[in-house]
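Q: I would like a close look at one part of this chain, with its setting described as well.

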Amino acid sequence: MADLLSTGVSGLLAVQRELDTTSHNIANASTPGYSRQVTEFSTRQADQYGSGWVGNGVDVSTIQRMYDDFLASQSRASSSSYVQLDTFATQLGRVNNLFADSSTGLSATLQDFINAVQGVSNSPTSIASRQTLLSEAESLVSRLQSYDSSLDSMEAQVNTQLESETNAISTLAQGIATLNQKISAGYAQTGQPPNDLLDQRDRLLDELATHVSVSAVKQGDNSVNVFDGSGQPLVIGQTAAKLVTTADPFDATRKVISLETSGSTIDVTGRLSGGSLGGMVDFRNQILDPARNTLGRFSVALAETMNGQHEEGIDLNGNLGGDFFATGDVLIQASTGNAGTGSLAVTRTAAGNLTTADYVMTRAAAGWSLQRKDTGAAVAMTGTGTVADPFVADGLSIVVRGTAQPGDRFQILPTRDAVDGLRVLVTDPAEVAAATPVIGSAAADNAGNATISAGEVLDATNAQLRSPVTIEFLTATTYSVNGAGSFAYAPGGDIDVNGWRVQISGSPAVGDTFEVTSNVNGSGDNRNAQRLAEVLNQPVLSGGTTSLNAAVGQFISDIGVRTNQAQVGRDAQEVVYNESVDSLQSLAGVNLDEEAAKLVEYQAAYQAMAQVISAASKMFETLLSATRN
């Protein structure tokens, strides 16, 4: 039944709740993740009288949290993207700083080595020039290994960071699961939202999004299920999954990310995105691994180019040159899950055909298949995998040994260990093969005007390479070799014998002779040194389209461009992130001026309600006084 006192008391209690809520807002104005709360009222059911309906006051229907799930989801998504790009750009900047120095970087060091080769060409008998060449070769090796060591340290840091990230994600997921239980219980007990608990849960969700991309799906009991960007569950109701780092099945020193659920562990490394975890995974896959492989491929090409030409020369002792550089072998890693006894023997066939990719070779019931590790794309192979007919693909020769079972896998890293095993094999300056082992000469009494080139080596392994050969012209257009045969003469044409090549130009006379002999007095000969300088600037990589210098320049340039792109992308995403935060804060944030104004308003309302109660009290006292009299 409507009465002044109960109406006044209802208003007084309602305003008191408003004052409590406002003071709570003010107290938590600086609390991270706090959402502004508003007291919502509903009019009590009125009573009907003959003269009309008389109200009974007001009830507090709920204390509403000013929060929008759509804006919150936008904020989390933009936060996750921003942190991912920021992590990626920061790590990439470290790699760029490592290679970008124009005076001490890789490009400058390679040029110093090429200049030293040219120095030997200019002074082939100079021991000082030869020693400078060996010193610059050691400097180049040292610089490459220093880069590789730095990148290896970065990979170790990535492993550590991944472990830290997975621990943080697991802790946050468990916290969300615990809050799910409290929030569901709170709703069940009162039917009203436990706002502060909801804020705490959203705060954990926001923090989780900075580590990995997530989506939250609200359930009927007001709990939320949380999934990562690939749809893998992190939280289901009151149960949290656990992210852990485990050893890569091919490499125990490399960490992968696994999701532990009831009774199973799933490798989810390739499925994760967003946040600092996604940024670190992207950095390792897109920058760190390719950079190490690029350095390895460069080392292989340097050794192959230098060795191939150095072997075609002779040193100051008159000996044929040997390998100038040695490199590490192809790294082959068997999966820990292999059931068979199979193994692989892999060698490089040609540096020009090598890529910067790693590969996974898998045994299936139908045979062997090869895929790129980074993209999963199939790689075509020729051959059958035997010693006599190996598989050949992307500059690799692969021989299968033993008995592999279907499902057995092997990881092939063609260039990863090349830098680690890189070293200079020539230690004595006199052993630098600057001269060419053969030399052509014309007989002094030749009647014609024909001349012969000094000669070049085609096959340094030919057993007759340095055996003397006489070329005698039978006619003006034919010649014999060591008195045998009759060969057509074309001025300037190639004459290939015993693994060497010469050209005779001009008009020979019948009986003119030319000799190609061992260059026994060739200490001043610089032909092979000149060829060494030339081949180092010739295209040998990417199918014979890119020189060593160009490859280094392109690598450093690509790192710089990608760094700039990552930084620009990060800065652009930061703007999007800040806008999403501002949109959410415009709704959920506490404005102290607004709350202070509300306090004044609610104080006045409280005083007014107190006056209503006071009036009801006086009326009651007047009534009692009248009845007593």
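What covers the buried residues of helix 7?

A: The model is a predicted one, in which local features need pLDDT of at least 70 and side-chain atom pairs count only at pLDDT 80 or more, while totals for chains, interfaces and linings use all residues. Residues are numbered from 1 along each chain as its sequence is written, and side-chain values use heavy atoms, with hydrogens and water left out.

The cover over the buried residues of helix 7 includes helix 3 (106-122), helix 6 (275-310), strand 21 (438-442) and strand 30 (539-541). Helices (H or I, at least four residues) and strands (E, at least two) are DSSP runs, numbered from the N terminus. Helix 7 itself spans residues 527-535, and its buried residues are Arg-527, Asn-528, Ala-529, Leu-532, Ala-533 and Val-535. Buried here means under 20% relative accessible area, exposed means over 50%, and partly exposed lies in between (1.4 Å probe, protein chains only).

The loop between strand 29 (513-518) and helix 7 contains Asn-519. Asn-519 counts as buried because its relative accessibility is 6%. Leaving aside residues up to four places away in sequence, Asn-519 touches Ile-314, Ala-435, Thr-436, Pro-437, Val-438, Ile-439, Asp-525 and Arg-527. A contact means heavy atoms within 4.5 Å. Arg-527, one of these partners, is also among the buried residues of helix 7.

Now the wider setting. The chain has nine helices and 31 strands. Its radius of gyration, taken over C-alpha atoms, is 41 Å, well over the 25 Å that the globule rule (2.2 Å times the number of residues to the power 0.38) gives for 629 residues, so the chain is more spread out than a compact globule. The C-alpha atoms fill a box of roughly 165 × 55 × 40 Å along the principal axes. Of the 629 residues, 44% count as buried. Among contacts with a separation of 6 or more, 70% are accounted for by residues 24 or more positions apart.

The largest nonpolar core has 101 residues, and those with the most contacts inside it are Phe-113, Leu-234, Phe-324, Phe-325 and Ile-412. Such a core is a set of buried Ala, Val, Leu, Ile, Met, Phe, Trp, Tyr and Cys residues joined through side-chain atoms within 4.5 Å. Helix 4 (residues 127-190) supplies the largest share of this core, 19 residues. Apart from it lies another core of 19 residues, including Val-457, Ile-471, Tyr-479 and Ile-504.
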